[in-house]
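The account follows the structure shown here.

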Amino acid sequence: MKRVREFRDKSIMGGGQEKIDAQRKKGKLWVRERLEKLLDPDSFTEFQWMVTHRSKYFGLDKTVFYNDGVITGFGKIDGRNVYVYAQDFTVLGGSIGEAHGLKIAKTIEQAIQNGFPVIGLYDSGGARIQEGVASLNGCGRIFYANVKASGVIPQIAVILGPCAGAASYSPALMDFVIMVKSSYMFITGPEVVKAATGVDVSFEELGGAEKHGSISGVAHFVASDEESAFMLVRKLLSFLPNNNSEDPPYIPSDDPVDRRNDELYEVVPTDPTKPFDVRDVIRTIVDDGDFLEVHELYAPSAVVGFARLGGYTIGIVANQPAVNAGVIDIDASNKIARFVRFCDSFNIPIITLVDTPGFMPGVDQEHGGIIRHGAKILHAYSEATVPKITLIMRKAYGGAYIAMGSQSLGSDVNIAWPTAEIAVMGPEGAVRILYRREIDSSANPQQVVEQKLKEYREVFANPYRAAELGYVDDIIDPADTRHVLYKYLQILKFKREEHAMYLPRKHSNIPL
Ligand code: HXC
């Protein structure tokens, strides 16, 4: 065992004390400290710690790093099993050599086989240049494993330093990406950007956490530091099942399921043109006001995230009237569709809160493909077989009414508040199209407009037509929202739905 201990000591020290000190000087934790902070005490079991590279080029023949720059194994988070891999920047900048890649791929495959979530801690300069094509193979094997795991086990990436080149595609294939503020991700770094395009850009400007959190949408969460990132992993996991054959954990609370929501009378203005923050509605409805928002900074005209109702995990999708009146643009379409598909993969019921004037008009949006991107929402809701409950709070117009979990797309229950307005379009636009000639030829056009608006509102600016036609199942008092949603959720727990298929298909073809 003495020999083994010597190997082990060498393996533990990664790139050596000097590199560990340099890592700390940059304000980053040493990889083993990260694992200690992420996992329950003494729960980590490491495997393949003696693996090293097999390359003999560019000086690698003179260096042996047991572990090859990534620590792999399994442990526990809040008593639940997880697989984990953590890149060690002190070894060749956490670069992905072939052995490094194969170790990560094995960890993910074990996680799939045993049905437990996998968490990857990233701190890497990308494909290991010295190993050439062998390193690219290592990267490819990680991607292949990530894709095999997709929809089977939850995959969470935490970015704690650079995540460059090939390293960045693995997180992109996972379910959630958490970036600490000081980290950055890019396919090609500032030097290549300068050489290829002439543009001078810093690491932060190019691929910093705030950019990926708000503009690209690559990051689902931005954490102020490493410890907060690990807390976020714990919190996120608390909502998720181990794998797609299990239900999410049931975590009861003292919050009564029949608690009235009288606050909603204050929160939501009855005037449909007045904004409100939909997160106030969500927090009022869910257990203990506890809502974990996903993609908080990205596409803010939509809000998605996890909460519980009567102890059961729910995924919430909502329009955000506080941002552009809750209009659905390209980014919001992607955000909503991806979240719906995640919930559907992992048996999480979806509650949709609607208040939107429609899809975003504009040349940029049309040329950017809002038809194609908006269609993702239609596809995602139609495909989802988990319980789907939709609450129309105020405006639900046109395509956005259909997209946001309408009955037509297979939602199980559609509820409305008395303030709901369901129509092909808003009153102002509709009246000008329907009565243009009458308005133009009138001696008092404003009077005609007012009169027609009144008529239109009486017919459509309410939930009654939709309820008469059976598209709305119930019109409820906002104060009863929590209780009503809970009751439907309880009965829909037993839902079993399989889509009728006339010919078997491999998978659907979502418009990407
Ligand atoms: C081998 C690498 C490496 C890599 C870093 N290192 N990246 N070794 N392959 N890809 C090594 C450095 O040589 C150095 O070794 C050590 O890691 C630490 O790197 P530093 O540069 O000293 O650290 P820092 O100043 O913090 O800068 C980190 C960094 C920078 C921003 C990540 O190293 C960098 O720009 N690396 C290249 C990033 C990149 O362009 N990757 C793409 C690779 S191609 P010593 O021995 O001096 O300590 C790729 C395929 C593309 O991934 C596929 C596209 C999808």
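A salt bridge is a side-chain nitrogen of Lys or Arg within 4 Å of a carboxyl oxygen of Asp or Glu. By that rule, one salt bridge crosses the interface of domain 1 and domain 2. The side chains of Lys235 and Asp290 form a salt bridge, with 2.8 Å from N to O. The model is predicted.

**Domains and their contact**

The domain assignment divides the protein as follows.

| Domain | Residues |
|---|---|
| domain 1 | 1-239 |
| domain 2 | 263-425 + 462-493 |
| domain 3 | 427-460 |

Between the C-alpha centres of domain 1 and domain 2 the separation is 35 Å. Domain 1 contributes 21 residues to the contact, and domain 2 contributes 18 residues.

**Buried area**

The size of an interface is often expressed as the accessible area lost when the parts come together. For domain 1 and domain 2 the buried area is about 1,600 Å², and carbon and sulfur atoms give 63% of it. Within domain 1, the residues that lose the most area to domain 2 are Phe176, His220 and Phe239, which together account for 38% of what that side buries.

**Polar contacts and the domain 1 side**

Seven residue pairs are in polar contact between domain 1 and domain 2, with both residues at pLDDT 80 or more. On the side of domain 1 that touches domain 2, at least two residues each come from α9 (209-216), β8 (221-223) and α10 (226-239). The largest share, five residues, is supplied by α10. By residue class, this side of domain 1 comprises 12 nonpolar, seven polar and two charged residues.

How values were computed:
Residues numbered from 1 in each chain as written. Predicted model: local features only at pLDDT ≥ 70, side-chain atom pairs only at ≥ 80, totals over all residues. Heavy atoms only, no water. Domains from an automatic or database assignment. Contact = heavy atoms within 4.5 Å. Buried area = accessible area lost by both parts, 1.4 Å probe. Polar contact = N/O pair within 3.5 Å; in protein donor to acceptor, adjacent residues only side chain to side chain. Helix = DSSP H or I, 4+ residues; strand = E, 2+ residues; numbered from the N terminus. Nonpolar A, V, L, I, M, F, W, Y, C, P; charged D, E, K, R; others polar.
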